[in-house]
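Student: I have a model open and want to read its fold. Can we go through it together?

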Amino acid sequence: MNRLRRLLVWLSRIHQCRGFGIQSPSDYAFVRYVVNEHWPYYAYDVLPPDDWQRRKLGRLYFRLANWRQPSAMQPDDYQPYWQAGCRKVQFQPDIAKVELGRVDIDDHKGYETLLAKCGEQSVVVVEGISRNWARWHGMERDTRCGTTFDLYYCGIIFYDLGRAKHNYRINF
């Protein structure tokens, strides 16, 4: 049943894959070369074997860390993936500024704590958005957030308010 559901999600978003319809060159490049990059990276073989969803998200987080190259992050369950993507990243429980972060959709307090530390260069991944669509849409509409990417399994929020606010729905 899980395979059927994944197929239905993928088919419902087929017209929104690989950057189709994205007019912004930077957003197109992000979707094409970070989110939906299908070429095998150098570290995929050494990353921990997990179930399909954790592996899919872990590889996305690896590519995000490789693209963003954060200097500090809060430790979490995906630490091997972040570390493989950016070897210089330091994991600290309390960071002054968020460059790249991850939070669960149901962790309201954690999200507000991260949000207080976000600046123009911050990128936050919100995992599990399909469990709480109302909360995710509230995050999309928040005036403190810039461009958002809905990947069904997770959402990515850019806090650069200098760019045009847009909510992309991507087939991931």
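Student: In S6, which residue is the bridge partner of glutamate 127?

Tutor: This is a predicted model, where local features need pLDDT of at least 70, side-chain atom pairs count only at pLDDT 80 or more, and totals for chains, interfaces and linings use all residues. Residues are numbered from 1 along each chain as its sequence is written, and side-chain values use heavy atoms, without hydrogens and water. Strands (E, at least two residues) and helices (H or I, at least four) are DSSP runs, numbered from the N terminus, and two strands pair if DSSP finds at least two bridges between them. Five bridges join S4 to S6 (residues 154-158) in antiparallel fashion, and the partner of glutamate 127 is cysteine 154.

Student: In S4, what is the bridge partner of leucine 100?

Tutor: S3 (residues 98-104) and S4 (residues 118-127) run parallel, joined by six bridges. Leucine 100 has its partner in S4: valine 123.

Student: Through which helix does the chain cross from S3 to S4?

Tutor: The β-α-β crossover is right-handed: with the strands pointing away from the viewer, the path from the first strand over the helix to the second runs clockwise. The helix on that path is H5 (residues 108-116).
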